[in-house]
Amino acid sequence: MLVYEKVSFGSECNNRCMTCPSARQQETPRLNELVAQIDALKNGENLELFGGEPTLHEDLVSLISYARKRGARRIKLVTNGRRLADADFLFHLVEEGCRIFEVKIYGSRPETHDAVTCVRGSLDETLRGLQNLGGISDSGGHEGDIYVGIRFGVTNTNLEDLVPAVAFLMSFSIDAISFVRMGGDFPIVQAARMVANAMKVATLNRIWSMCEGFPPCVMKGSETHLSELLQPVAFENDKPKSCLRCVFAKICTGPHGDYAGKGLRDFKAVSASPYSKDMEYLLKMRSIHAKQ
Ligand code: SF4
């Protein structure tokens with residue numbers, strides 16, 4: 001189980017997403033501060049570079065180079081992908097050692113994606129970035145060397161677009177897609193069903209799929225696709241008392257805070273699951289890793 005240590009590039013971004021968790025302004029770190037973040041990491045083998053938008057930082061390429069020289073084996077860039085539309089820039093990132101890209105998307109059409117990013121033309125640039133990623137992984141000695149995942153933000157405006165988006169994104173040679181709940185101001189049971197359908201379409205087309213932020217009690221049949229089983233997630237709010245009896249209580253973030261008062265009866269404690277033993281094993285492994 002790989003654990004990625006995070007390096008923050010501050011909150012500067014060229015999108016203005018309505019759902020942005022880093023809307024709270026954080027200073028853009030200078031190169032020496034980024035280097036200090038890397039030097040302070042416990043392990044430094046697997047890095048996740050995130051923001052804001054890390055590709056806007058003028059020292060991103062230098063930092064990737066520094067991290068590689070210091071022993072980083074896997075460098076993941078979490079990005080909106082817009083600057084990857086510049087093929088030369090992308091080439092430098094890859095040449096210096098960044099080979100894992102997680103691209104954030106909110107829809108297959110400008111009406112859904114740009115409506116969330118609040119920047120007209122942002123989807124177009126992101127798709128050109130994905131196209132360049134596909135091109136570079138098919139040539140230049142990087143065949144099979146580049147991993148592209150999509151981080152699809154699920155909102156109340158794009159539920160109908162989940163399945164079409166998977167079908168559309170397949171043409172970009174992506175390796176995986178994660179459906180991440182953004183907020184709770186939508187009917188979660190209906191959303192969970194749509195996410196499950198979209199994950200089935202992805203699986204049928206040999207794209208690995210995951211979901212994040214959807215309580216297991218509303219994802220029956222898709223439990224093996226829960227990100228929370230693999231990656232620890234910070235609990236954001238107190239869960240209803242009934243959750244304490246649930247076999248998933250230790251990994252589930254619970255109903256989103258916005259959902260309180262909108263019918264918690266949708267969330268019913270799960271008394272038994274065929275995955276309980278696997279989950280206990282993973283939790284044990286997680287705590288062993290955390291102590292190392
Ligand atoms: S009952 Fe509560 S703890 Fe269990 S899966 Fe649902 S929300 Fe999560």
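The structure is a predicted model, and the protein in it has eight helices and seven strands. Its radius of gyration is 19 Å, close to the 19 Å that the globule rule gives for 292 residues, so the protein is as compact as a globular protein of that length.

**Packing of α1 and α2**

- Helix α1, covering residues 31-39, packs against helix α2, covering residues 60-69, at an angle of about 30 degrees, and the two axes are 11 Å apart.
- That angle falls under 35 degrees, and α1 is therefore roughly parallel to α2.
- The crossing in which α1 passes α2 is right-handed.
- On the α1 side the contact involves Leu31, Leu34, Val35 and Ile38, which meet Ser62, Leu63, Tyr66 and Ala67 on the α2 side.
- Sorted by class, the residues of this contact of α1 with α2 comprise seven nonpolar and one polar, with no charged residue.

**Packing of α3 and α5**

- Helix α3 (residues 87-96) and helix α5 (residues 122-137) have axes 10 Å apart and pack at an angle of about 50 degrees, so that α3 counts as oblique to α5.
- Here, too, there is a defined handedness, with α3 passing α5 in a right-handed crossing.
- From α3, the residues Ala87, Leu90, Phe91 and Val94 meet Asn132, Leu133 and Ile136 from α5.
- The contact of α3 with α5 is made up of six nonpolar residues and one polar residue, while no charged residue takes part.

**Packing of α6 and α7**

- The axes of helix α6, residues 162-169, and helix α7, residues 188-204, come within 8 Å and cross at roughly 20 degrees, and α6 and α7 are therefore roughly parallel to each other.
- The crossing of these two helices, α6 and α7, is right-handed.
- Leu162, Val163, Val166 and Ala167 provide the α6 side of the contact, and Met194, Val195, Asn197, Ala198, Val201 and Ala202 provide the α7 side.
- In terms of residue class, the contact of α6 with α7 holds nine nonpolar residues, one polar residue and no charged ones.

**Ligand shell**

- The ligand is surrounded by 15 residues, of which the closest are Pro215, Cys217, Cys243, Cys246 and Cys252.
- Divided by class, the shell around the ligand contains twelve nonpolar residues, one polar residue and two charged residues.

**Backbone features in loops**

- Most residues other than glycine have a negative phi, and most peptide bonds are trans.
- The peptide bond from Gly51 to Gly52 is cis, with an omega near 20 degrees, and Gly52 is placed in the loop between β2 (46-50) and α2.
- Ser173, a residue other than glycine, has a positive phi, near 55 degrees, and Ser173 lies in the loop between α6 and β6 (176-181).

Terms used. Residues are numbered from 1 along each chain as its sequence is written. This is a predicted model: local features need pLDDT of at least 70, side-chain atom pairs count only at pLDDT 80 or more; totals for chains, interfaces and linings use all residues. Axes are lines fitted to C-alpha atoms, for helices over the stretch in contact, and angles run from 0 to 180 degrees between N-to-C directions. Helices (H or I, at least four residues) and strands (E, at least two) are DSSP runs, numbered from the N terminus. Angles under 35 degrees count as roughly parallel, over 145 as roughly antiparallel, 65 to 115 as roughly perpendicular and the rest as oblique. A crossing is left-handed if the near helix is turned anticlockwise from the far one by less than a right angle, and right-handed if clockwise. Two residues are in contact if their C-beta atoms, placed from the backbone, lie within 7 Å. Ala, Val, Leu, Ile, Met, Phe, Trp, Tyr, Cys and Pro count as nonpolar, Asp, Glu, Lys and Arg as charged, and the others, Gly among them, as polar. A residue is near a molecule or strand if its C-beta atom, placed from the backbone, lies within 6 Å of it. The radius of gyration is taken over C-alpha atoms; the globule rule is 2.2 Å times the number of residues to the power 0.38.
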